[in-house]
Amino acid sequence: MKIKKLAWLFSLLILMSSIGGNAQNLDEIITKHISAIGGKDNWNKLKSMRTESSMKSNGADIVFKSIAVKDKGTRSDIILMGMTGWSIVTKEGGWSMYPWAGQTKAEAMTADDLKMAIEELDMLEDFLTYKEKGKSIDFYGMEDVDGTECYKIKMIDKNQKESTYFIDPDTYMTIKITSKVKSNGQENEYSTFFSNYEKLPEGIVMPMSSTNGWSENRITKIEVNVAVDDKLFVPTK
Amino acid sequence: MKKYLYLVSLFTTYNLLAQSPVNSAMFGTMETRQLGPGTMSGRITAIEGVLNDEGKTIYVGTGGGGVWKSSNAGTSYKSVFDKHCQSIGAIAINQKNPAIVYVGSGESNMRNSVSIGDGMYKSTDGGDNWKKIGLDSSEHISRIIIHPNNPDVIYVAVPGALWSDSKHRGVYKSSNGGQSWEKIFYIDDKTGCAELLMDPSNPDIMFASMWQFRRQPFSFNSGGNGSGLYKSVDGGKTWREIKNGLPAKPFGRIAMNLAPSDPKQMLAIVESKQSGLYISSDGGETWKSQSATMNTCARPFYFSTIVVDPKDSKRVYRPAFQFAYSSDGGYSFTEASSEGGWVHSDMHALWINPVHTNMMYLGTDGGVYTSIDKGVTWRFNHALPVGQFYHVAFDMQEPYNVYGGLQDNGSWKAPSAAPGGIGNGNWTRVGGGDGFWTIPDVDGKTAYSEYQGGNMVRVELSTGKMENIQPQKTSQEEKLRWNWNTPIVTGAKNPKNLYVGAQYLYKSNDQGRNWKRISGDLTTNDKNKQKQEESGGLSEDNTSAENHCTIFNIAESPLDENTIWVGTDDGNLQFTLDGGKTWTNVSMNAAKCGIAKQAWVSSIEPSHFDKNTVYVSFENHMYGDHQTYVAKSIDMGKTFTRLNHKIFTGFAHKIKEDLVNKELLFLGTEMGLFATLDGGINWFRMKNNIPEYVLARDIQIHPKTHDLIVASHGRGIFILDDIRTIRNLNKDIWDKDVYVFQTPDIILNNGKLGWGGPEVSGGWWAGNPSDHPSFDYFFKQRLNSGKVTLEVYDDKEKLVQSIPGTIRRGINKVSWNLRSTPPRVAEGAKKMDGAGFTAPMVLPGKYTLKLIVNDKVYTSTFNCVHDTANKDLPLEQRKLVYEKAMAIQQLYNKVNKSIDTINYYQSLLKSDSVAYAKRKNAIAFFTDLEKQKGELMGITKTSIFADEKRLREKVSELYSTFCYMESAPNQTQLESITDLENDYSKISAEVIKVITKHLPKNPEIKEKKRLD
């Protein structure tokens, strides 16, 4: 009888340990996630950021230079085979110029794309602001990402953009985001994978690597709260 | 003591399971190619569309391929149910909030091969995520209705279990969006609900068609006292049987519907001794018999759909054996036009866009069709890869072909790789009817295919001509009994041996021209199970689907052609060691390890390593038993050990032993594909871009390519390319933090196949396998911080290329393009220059791979070898091509250096733009430089449609030609190198001249080093 009880207790323990992860409260996951990425206070101190990164394609380097100023604008330059393309987003408008795509002059973003891009100008990680921005979130249990069972959380914004976050339960870092965007009658889905998180001197924690499925973009230089010339956010041609 | 051992065993088992790190996630980077195809598609069971979306967004439920969603009216589809049961019975959309979708699993077209569901599912985000919400034991669901005014109220029609008594049948209701269920109408454990209707103008009025039915492995019965038509006027609280005007009972299955625009107008096709079409004009209270064609009333158990136009009560559609429509409320029917081509027969689902009722989607045994003219003509949707294969085979050609037969879609052949990938057009039909075993002959010119009930043909592959080769009975023999899915196989040891099985086993050595019977009756020959002519119930239905006491599997030992195993559909497992002279029945020995006695022998796998070892899978679902039965014998069937695991789901179809690693086994069941790396102790579910509950009917391993080939009954063919990494994985490896697998020799070429042109729109397409082996390594854990880089070095320790690595747990696979690092491209062009992504292919030789994981380096070596198969490029020519490509790369670098020089001086001149504008000398210098730059590369034309070919573009083009060259260069190509070098010499001299001329006149520019 005693043995049976022990066996029962043992089974119960196994059961409890197996369901423990799934019972994780969504608020608790988000709290731990925010703590893992450096905490809200540190993120609120972020005013600007300049990064340089590179991506390999067939052995060749593609260089990215990005600048973001909180609530003002972002600019990304891509240097590819001797050519430079760029995109700019400000509250007033968004433009891009990619000569390799046949563009001969700067083209304005569509209203739908701009609306979504402006949402990101606060430079704050999504879970820090989703409530203020009126986004809803839902927890969909665990799902495998590259061999790691992750928390799966879907966030939907006012523009019906859906982003699904996969958070590693060991580190509470986001290791994948899948976004579904409906724009101009089309629905597009794309995923980005994140890794190599590093804590910056300012206390925030950032992924130094992101992968879009075909190549990895590695940050080679990062500067926070630097002075930025506003002219950089003016489309030049 | 016993109790102590029990506890120890419990702990040990738990620890083993807990500690075994092998699972599907480990192989996640190895993804199957889903070959589909969409060519013939497969059985569709349910179609529902979103109302407020112009009919563009639809959900399609399938017999064995899950749920697919299209947001573009069928141009493309996306599978949205890959993590769940693949057999679908019904779908319902909450039209007030279309993000909420319900799926009832378990098809209700009760054919012999119908699969089984595991309950209701709900999505609240348009199909991205699903949650199971109950009715787990329902097995089959035929209809879901959402209350139009209160979407939390849901009704579900459950026919219930097909093969056994069950209390889990009838009409169910949930009042809280599926959180809990109440059974609101139940007849008995043999009778379920086949159809459920709700009056949209008064949702309290409902109709239920109750159906008594049962299959046994050897018969089918549709009909009984439980069947009847019922009406409720209080939302399902009470039900009243309706008989007035209907034929005499007993009934079988009743298909029925009402006109949404005038719900008192109803139609019912009632299966009875006088099966027919009945019409009611008073909300089902009274009915009138209406004459109808065979097509309207045929096969009630399989064709149960009748639909009335949402706006026009007179327009009635009857998708059945053919598609028929009526414009007079069902008094007369016309069959759809054949203009535009054949529409697949056997129809089960129809969704009409209620807003534009000329637009509709039809679900058949062969996919989805769309009509925009009220069903008169139809257009096939080519992008639904939901074919229901029974078996798969391969040949030894390069690339090899796969062969297989499908439910109601004949037999087909397709290459495993093709220029540009495998599209619908790459599939060739090699047999008709319902296709099953389809086997290539070793001669490379011939295949064998069959259709239901043992009708088999020899196919000449070059012409498609077929010759019937079925053995016939002699006057001394009983009537031959052929299974619906009759085995026809070639020998694993001697592929010239061709076998087929009725109740006897036959062998041919001349491609079926002559047969020799090599056994007596190997079945139980139970006469009580051989009354198929009485099968069907109220409607006779005897299409060979219930044939029984037949041979179901044949397997020649890969080690000895005289050792042949045979399994039957009535539980017998027999073998011969002398080519058929004597037979031994070991089924009772298998039963001793817990296998159900009468279970079908679903596959036999004689070992490749030991003649006395055999693996056998059994399945007993036709007796209501869904257990996964797999057994192994190591003593020629004297004793069996059952292989079992808690992770198994679904009854077993196929057990397959690897050809190299005897500990590696694969198991296909009705609900999943599983693998073990320790001979069957620990198993894991394969999730490698394959649905988690895939109906895995057959598994093969190609001996040359090491590909795992899986035939699914609902998702077509899957190929997991080159499983050697799985094969080589063992405890020594998975105990290490990092392990680098030996890279196989890499044959140097641009791949075996060409581009093939753009993919055809609207079809299904599967990619080709990788052209070359990848660099494979194993991580015990995901690398959470730091980075991974792979570096390739040549035998002189010179870095060839640096490649970013992946960081996932388990197997990582990183591709290398076999080339060195491309040249740098100087800035200033208006268009992209392809040379910046191009480098020559490396030469044959020994190379070193360094896997750099943060500060640790793991070094291994591998060989790149010359492609001797390419006679156009002998080794000496390969070396010449490489040498010339490198020479052009040097020229390219020189051109870019000159451009850099010009850019440098131009930037100095313009460093102070205000001063520059005032200095004539500076402007003259800049202008002359710009002129030379314009000779070196195109700098004026910005449009991609306006070519501007200058020196760099010419060098770049020639460089690319040499980099991708796979034959000896021609003379003009070689001469072009010299010509371009000469051109460069002239322009570079001009550049120096310009600088020399202008520099002294521009003393502001101090920097002169660039001249050197």
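**A walk through chains A and B**

Not counting residues up to four places away in sequence, B:Ile47 touches B:Ile58, B:Val60, B:Ala349, B:Leu350, B:Trp351, B:Tyr361, B:Gly363 and B:Val368. The model in which these contacts occur is predicted. B:Ile47 belongs to the largest nonpolar core, which has 235 residues. Together with B:Val60, B:Ile91, B:Val156, B:Ala208, B:Ala268 and B:Val616, B:Ile47 is among the residues that touch the most other members of this core. Strand S15 of chain B, residues 206–216, supplies the largest share of this core, six residues. At least three residues of the core come from each of domain 1 (41–380) and domain 2 (765–1001) of chain B. A second, separate core has 35 residues, and its members include A:Leu80, B:Ile899, B:Ile902 and B:Val991.

A loop of chain B comes next. B:Asn52 is located between strand S2 (44–49) and strand S3 (58–62) of chain B, in the loop that separates them. Is B:Asn52 buried or exposed? B:Asn52 counts as exposed, because it has 9 C-beta neighbours inside 10 Å, and the cut-off for exposed is 12 or fewer. B:Pro98 is 46 residues from B:Asn52 along the chain, and the C-alpha atoms of the two are separated by 8.8 Å.

Chain B also contains open sheets. One of them has four strands in the order S23-S24-S25-S26, with antiparallel pairing. Its edge strands are S23 (307–308) and S26 (334–335) of chain B, each of which pairs on one side only. Two bridges connect S23(B) with strand S24 (residues 316–319) of chain B in the antiparallel sense. Opposite B:Val307 stands B:Tyr317 in S24(B).

S31(B) runs antiparallel to strand S32 (residues 401–405) of chain B, and two bridges join them. B:Ala393 has B:Tyr403 as its bridge partner in S32(B).

Further along chain B, strand S64 (residues 788–793) and strand S65 (residues 799–804) pair in the antiparallel sense over five bridges. In this pair, B:Leu790 has B:Ile803 of S65(B) as its bridge partner. Five residues lie between the strands of this hairpin, where B:Glu797 takes a positive phi near 65 degrees.

The contact involves 31 residues of chain A and 42 residues of chain B. On the chain A side, the elements giving two or more residues are helix H1 (2–20) and strands S1 (48–57), S7 (136–145), S8 (148–156), S11 (186–199) and S13 (216–224) of chain A. H1(A) gives the largest share of this side, five residues. By class, the side of chain A that touches chain B has twelve nonpolar, twelve polar and seven charged residues.

Confidence in chain A can be read from its pLDDT. The mean pLDDT of chain A is 87, and 89% of its residues reach 70 or more. Over residues 1–23 of chain A, however, the pLDDT is below 50. This stretch has twelve contacts in the model beyond near neighbours in sequence.

Methods. Residues are numbered from 1 along each chain as its sequence is written. Chains are lettered from A and ligands numbered from 1 in the order in which they are written. This is a predicted model: local features need pLDDT of at least 70, side-chain atom pairs count only at pLDDT 80 or more; totals for chains, interfaces and linings use all residues. Two strands pair if DSSP finds at least two bridges between them. Two residues are in contact if their C-beta atoms, placed from the backbone, lie within 7 Å. Ala, Val, Leu, Ile, Met, Phe, Trp, Tyr, Cys and Pro count as nonpolar, Asp, Glu, Lys and Arg as charged, and the others, Gly among them, as polar. A nonpolar core is a set of buried Ala, Val, Leu, Ile, Met, Phe, Trp, Tyr and Cys residues joined through C-beta atoms within 7 Å. A residue is buried if 20 or more other C-beta atoms lie within 10 Å of its own, exposed if 12 or fewer, and partly exposed in between; C-beta atoms are placed from the backbone. Domain bounds come from an automatic or database domain assignment. pLDDT is the predictor's confidence in each residue, from 0 to 100.
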